[in-house]
Amino acid sequence: MELRKSYFADVRKDDLHEIGQPRPRSDSPGHVTGKTAYFADRNFPGMLHLKMVRSPHHHARIRSIDTSEAEKHPGVVKILTAKDVPHNVYTILILIQVGPEDETVLADGKVRWKGEAVVAVLAETERAAQEAAAKVKVDYEVLPAVFDMEEALKPGAPLVNEYHGQNYYLYDSGECRKVRFGDVEAVFAEADHLLEQSYQSSPIEHAPTETTGCVVMPEGNDRFTCYTNTQAMFFTLDNTSIILQMPGSKLHFVGGTVGGGFGGKVDVIVEPIAILGAKLTGRPVSFVYSREEEMQISSPRAAEKVVIKDGVMKDGRIIARKVTGYTDAGAYSRHSPYGAQKGAGHYPGPYTIPYVWIDTYCVYTNRTPSSAMRGFGVTIGDFALEVQMDKLARLIGMDPLEFRFINAYRDGDMKAHRQPTEGAALIECMQEASRAANWPVAKKYMAMSSYVKGA
Amino acid sequence: MAKVPVQFTLNGSEKAEFVDSGTTLLNALRDKIGDTSPKGGCHQGTCGACSVIINGELRLSCLTLAETCNGAAITTTSGIAEGGVLHPLQRAFLDTFATQCGFCTPGMIIAAKVLLDHTPNPSRDEVIEALSGNICRCTGYEPIIQAVLLAARANSQNAA
Ligand code: FES
Ligand code: FES
């Protein structure tokens, strides 16, 4: 593809010599020879295998846990329950002051989703750990569950997570994240057309080829090395330090090589319990998700619902936009309050709309906790926004690409979050797209520019 | 658990081990012998990451019991470079950027090697068919197909 140096010619530096040059990747020689070391390629003598006993119910009170039979199973070395975990209730983003702590490492008194970890079994072999896990008896009192965000928000819905007290995340701005930019309702009354549509998505599993896990080696002096495929090394280190009430200086994390993640390996799930197992047994511990666990237990992209209402003029200007977004966090927060918040920032789209009103909710249901996945919080939003743009263009009988030129933000335009736009380059991208896709637009759009001198 | 003896050659060198009856070849190679180039992505025969060559045939080592490999000749990706020179497939995977996280790569290379050993100049469709049992979640299949076709072109140049 041709590099158009005419764009921004007066502000560009032309002494760049890296972009556009092929550079060999430093890790590919290891990949093609099979030498790259993934966490599971470490195997230590005497290593124990950890398997979880998981909740078969979506929502249930735990009346009792009986590990006595499992304890006697040949090869079993240690069985852990909630009381063994020093700081059992945690939340990942507490490190950046996003609370409350709302999730248990091992379930305590209640399970809130099907697949939640209840008891950890450490044994000499994977098979022994699996067989012993099957012998753990948990007595559950099944509770009514809620799987739909709208149901969860209705008064009287079963309460999913007591640490929140209601089925939505309470932001400092209230029950949702809000953007307010002018009086949307008043402007809707002046629009030539109104279009309100809702869009929704299902959870999506990342399905990395390498499943989530870690291998822990006790190094003596109460120090531990954890080989892990986390995508969030320091979140994991610091949260582990809180959960195990151990100084970070005792914990040595080795990572870097991840066999596919796509955001699915940013939660702190396997490391704390595996390190605890190594601490209490004095032996190396391996905790690796089976493929089935990876597909069912690891946090997916959140299901979302987006309701968009736009006011548009016959000449193509969008004059007002109102968006209500819902993010299904599942039973625990993990990264979802942040995902919903990103949605609030994103829904104005890359368009200059003078009146905007946005509410985004992070909702709790008895589904698998959702978390990060490639642009989470904005990806489904973009799908919804761009489908909405096409529908608006059709509504006023305008070419969908020309419609976007009219609304695209340009340098100096005020965004709904009251930040002036800088370095937009959207017009130029669309001009290039129109050429590449052979989708011609009128001359006046090809003459436009995002770059406004002095803006 | 009963231990059974098993003897085979791995990438040309003799191996003799006692394994628990029921141990998969994948676990025996990785945990006992220390060849971690075959990867375990599913342990149920669906991802292809554990692919190895047994007596010239493509096999999934997670579905093969180690004890059935007595006397076999086994090849893995760690053993196909000769005298420090990358195998043409390894070179081609490097050159076409056909490896991202690299987890599927050893299995992909093995599946491709079996194809080229039997069919030195495959069509694009034959390459696709040969790789159809191997899942990649990051690279995208196109660069991988290109890598195999590139290595095959090297084959045809050698023959000419
Ligand atoms: S690990 Fe053997 S096919 Fe996936
Ligand atoms: S490169 Fe990651 S799975 Fe293929």
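Two strands count as paired here if DSSP finds at least two bridges between them. Keep that cut-off in hand for the exercises below, and remember that this is a predicted model.

**Exercise 1. Work out the strand order of the five-stranded open sheet in chain B, and say which strands stand at its edges.**

Step 1. Follow the pairings across the sheet: the order is β2-β1-β5-β3-β4 (chain B), and the pairing is mixed.

Step 2. Look at the two ends. β2 (13-20) and β4 (57-60) of chain B each have a single partner strand, so one side of each is left without a neighbour in the sheet.

Step 3. Strands β3 (residues 51-54) and β5 (residues 73-75) of chain B are antiparallel and share two bridges. In one of the bridges to β5(B), B:I53 has B:T75 as its partner.

**Exercise 2. Find which strands of chain B the helices α1(B) and α3(B) lie across.**

Step 1. Start with α1(B), which lies across β1 (3-10), β2, β3 and β5 of chain B and runs at about 105 degrees to β2(B).

Step 2. Turn to α3(B). This helix lies across β3, β4 and β5 of chain B, at about 35 degrees to β3(B).

**Exercise 3. Describe the contact between chain B and chain A: how many residues take part, and how much area is buried?**

Step 1. Count the residues: chain B gives 28 and chain A gives 26.

Step 2. About 2,100 Å² is buried between the chains, with carbon and sulfur atoms giving 56% of it. On the chain B side, B:C101, B:F103 and B:R137 lose the most area to chain A, together 27% of what that side buries.

Step 3. Turn to the polar side of the contact. Between the chains there are two salt bridges and 14 residue pairs in polar contact, both residues being at pLDDT 80 or more. One of the salt bridges joins B:R30 to A:D41, with the closest N and O atoms 2.6 Å apart.

Step 4. The elements giving two or more residues to it are α1 (25-33), α2 (88-95) and α3 (105-118) of chain B. By class, this side has 13 nonpolar, eleven polar and four charged residues.

**Exercise 4. Explain why the salt bridge between A:R283 and A:E124 ties together parts 159 residues apart in sequence.**

Step 1. Confirm the pair: the side chains meet at 2.7 Å, N to O.

Step 2. Locate both ends. A:R283 is in the loop between α7 (270-281) and β14 (285-288) of chain A, and A:E124 is in the loop between β7 (117-123) and α3 (126-135) of chain A, so the bridge links parts that are 159 residues apart in sequence.

Conventions. Residues are numbered from 1 along each chain as its sequence is written. Chains are lettered from A and ligands numbered from 1 in the order in which they are written. This is a predicted model: local features need pLDDT of at least 70, side-chain atom pairs count only at pLDDT 80 or more; totals for chains, interfaces and linings use all residues. Side-chain values use heavy atoms; hydrogens and water are left out. Contact means heavy atoms within 4.5 Å. Buried area is the accessible area (1.4 Å probe) that two parts lose on being put together, summed over both. A salt bridge is a side-chain nitrogen of Lys or Arg within 4 Å of a carboxyl oxygen of Asp or Glu. A polar contact is a pair of N or O atoms within 3.5 Å; within protein, one must be able to donate a hydrogen and the other to accept it, and residues adjacent in sequence count only if both atoms are side-chain atoms. Helices (H or I, at least four residues) and strands (E, at least two) are DSSP runs, numbered from the N terminus. Ala, Val, Leu, Ile, Met, Phe, Trp, Tyr, Cys and Pro count as nonpolar, Asp, Glu, Lys and Arg as charged, and the others, Gly among them, as polar. Axes are lines fitted to C-alpha atoms, for helices over the stretch in contact, and angles run from 0 to 180 degrees between N-to-C directions.
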